[in-house]
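Visitor: Hi! Could you walk me through this one?
Guide: Happy to. Here it is.

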Amino acid sequence: DSIRSFKLSYYNEYKSYLSMASETMIQNAKAFLLQESPASNLNLYDHLCDVLHKVLESKTPNAVDIIEDISKEVKEAKYRPETDPSALQETTEPSEEVNLAKLQNKLFDKPLEEADPEPEDEVEMPLPDLMDIAHFFEQASVGLGREETFRIFLALKKLVDTHTLQSVRFWGKIFGTQKNYIIAEVEYREGEEEEEGENDDAEEEEPKDEDEDEEKEDLDDIIPKPDWKPPPEIPREENGTGCNKKTYFVCNEPGSDWIKLPPVEPKEIFLARQIKKFFTGDLEAPVISYPPFPGTEKNYLRAQIARISAGTIISPLDYYKFEEDDEEDSDGEGRDSFIPNVEFEPLRNVELTDPSLSNWVHHVQYILPQGRCVWVNPSQKQDSEDYDEEEEEEEREEPDEPMPEHGPPLLNPISEDAEVDGMPAWSTSLSSNLVPQYAAAMLRSNLWPGAFVFGLDRKFENLYVGWGHKYTVDNYSPPAPPPTQEEYPSGAEITEVPDPTVDEEKALQAVEQEQREREAEEAEMDDDEDEDD
């Protein structure tokens, strides 16, 4: 009995100890669950009680599958407007599609009607019917889709409303690694572009500091000037002529702001022919290449547009003609302007798709290797300041006179274009072989992949959709760097000689002393003779 009573007492003590420990743990756990969140001023203990109360009250079947939704409903029920809404409301950033939709929503805004609108007959609409043009390209599976084309059409209309333009044309689309470029080719009304150019030049001009000029003159007096001079810079062609005959605007998406590209420089075209870079979609992105490109991506884009336009913009034969009062030679060389031929007779589809390619001509001037459409002599100095510096410069040998560059004349047939890897420069086809009588003639450039042309009756249009790269047979390989500069030729004038000995130095000093004494005696004798006279 004593043993039994001892075991019973020990069991009771152990049971009381466990009950005390469990109560402590429960109190600690409850205190932890009662901690309030500083963001929502709620605690997990009350929230779980409310959730379980709602489950038991509503007797929701399969509550374990929707416990998260029930928890969210309990929180939303406790929402009060006077508290911070950010603690309970979900904040999600809009997607790119939403931002793009907001941007393009402005294109569909109806403009305010004027009180006295001008008659449509008196207003010349510079914007062509882009949807009608896209219809013909769509028949040959070429284009950007109807929805995007219509958005571009509205973006071009916005460009017409904000600038005084004589003509507008959708040039095409160039793809980029991050964003794409939508390009519009425009032509200003007479005198409008000059005013804008003057304003841009006035903004770019900065006042010169006189102190800097004086410091530069002092440095010029100290630092010797080298005889070498850089090659003369080829001047760019004026606006409205040559490569700068047209002006180009670009944007990344329809609805974004149109950005005017700067005029193209000959050096930009010259170096664009030596490099091959993908566009990024950022006009201010640097063009890292070898040889170094003089400018940013907007300059490289403008150079590529000029190259593509010169090689792929074509028109049916006799659609344009030269002016009758033009006194230039009859073959078209040296001419840079033309007018529509009112007596043009449309060519048949069979003639437009003739493999000989003799019924299509280039109506954009050819770009010479110099980077211009009209060659200039770089050896002719434009400023006379270089002639008055030193007499030595006048005695320098003049460089050899460069040979003038010539290219195909304007309105030259595309049949004379060089072959591309054994293929003709252009491929012809019909938009439909089922009803060829009503099909449009389609031409595709093999030299610039992505350049297309359609022709039907009196209608024709050019379009480019691609990466902006020229076709090459082999993979592109950057040019090798120039050879390392050679060392200065070794000769007697730069060869180091051994130091003289002491005896040799004394002998040399003695000879120099005798020479000085002799010169002094001769000077005294000359003075005595002058006094006697």
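Predicted model: local features only at pLDDT ≥ 70, side-chain atom pairs only at ≥ 80, totals over all residues.

Visitor: How many bridges join S9 to S10, and which way do they run?
Guide: Five bridges join them, and the two strands run antiparallel. Strands pair here if DSSP finds at least two bridges between them.

Visitor: What is the order of the strands in the open sheet?
Guide: The order is S4-S3-S2-S1-S12-S11-S10-S9, eight strands with mixed pairing. S4 (259-260) and S9 (426-430) are at the edges with a single partner strand each, so one side of each has no neighbour in the sheet.

Visitor: And how many helices and strands does the protein have?
Guide: There are 13 helices and twelve strands. These are DSSP runs numbered from the N terminus, with helices being H or I of at least four residues and strands being E of at least two.

Visitor: Back to the sheet. In what sense do S1 and S12 pair?
Guide: They pair in the parallel sense, over three bridges. Gly172 has Tyr464 in S12 as its bridge partner, and Tyr464 is also the bridge partner of Ala451.

Visitor: What joins S11 to S12?
Guide: Six bridges do, with the strands running antiparallel. S11 and S12 form a hairpin with two residues between them, and Asp457 in the turn has a positive phi of about 60°.

Visitor: How many residues of S12 are buried?
Guide: Seven of its eight residues are buried, meaning under 20% relative accessible area, where exposed is over 50% and partly exposed is in between (1.4 Å probe, protein chains only). Seven of the eight residues of S2 are buried too, so S2 is largely enclosed by the rest of the structure.

Visitor: What does S2 pair with?
Guide: Eight bridges join S1 to S2, which run antiparallel, and a hairpin of six residues links S1 to S2. Lys173 stands opposite Ile182 in S2. With S3, S2 pairs in the antiparallel sense over five bridges, and Glu185 stands opposite Tyr248 in S3.

Visitor: Changing topic: which residues have the most contacts inside the largest nonpolar core?
Guide: Phe137, Leu156, Phe170 and Trp258, in a core of 31 residues. A nonpolar core is a set of buried Ala, Val, Leu, Ile, Met, Phe, Trp, Tyr and Cys residues joined through side-chain atoms within 4.5 Å. The elements that each supply at least two residues include helix H5 (130-139), helix H6 (146-162) and strand S1 (165-174). H6 gives the largest share, seven residues.

Visitor: Which residues is Trp258 in contact with?
Guide: Leaving aside its neighbours within four places in sequence, the list includes Leu156, Ile182 and Phe249; contact means heavy atoms within 4.5 Å.

Visitor: What about a second core?
Guide: A separate core of 30 residues includes Phe279, Ala306, Ile367 and Tyr464.

Visitor: Last one: which residue lies over the face of Phe338?
Guide: Lys245 does, at 5.1 Å from the ring centre. The rule is that NZ of Lys or CZ of Arg is within 6 Å of the ring centre and within 35 degrees of the ring normal.

Methods: Residues numbered from 1 in each chain as written. Heavy atoms only, no water.
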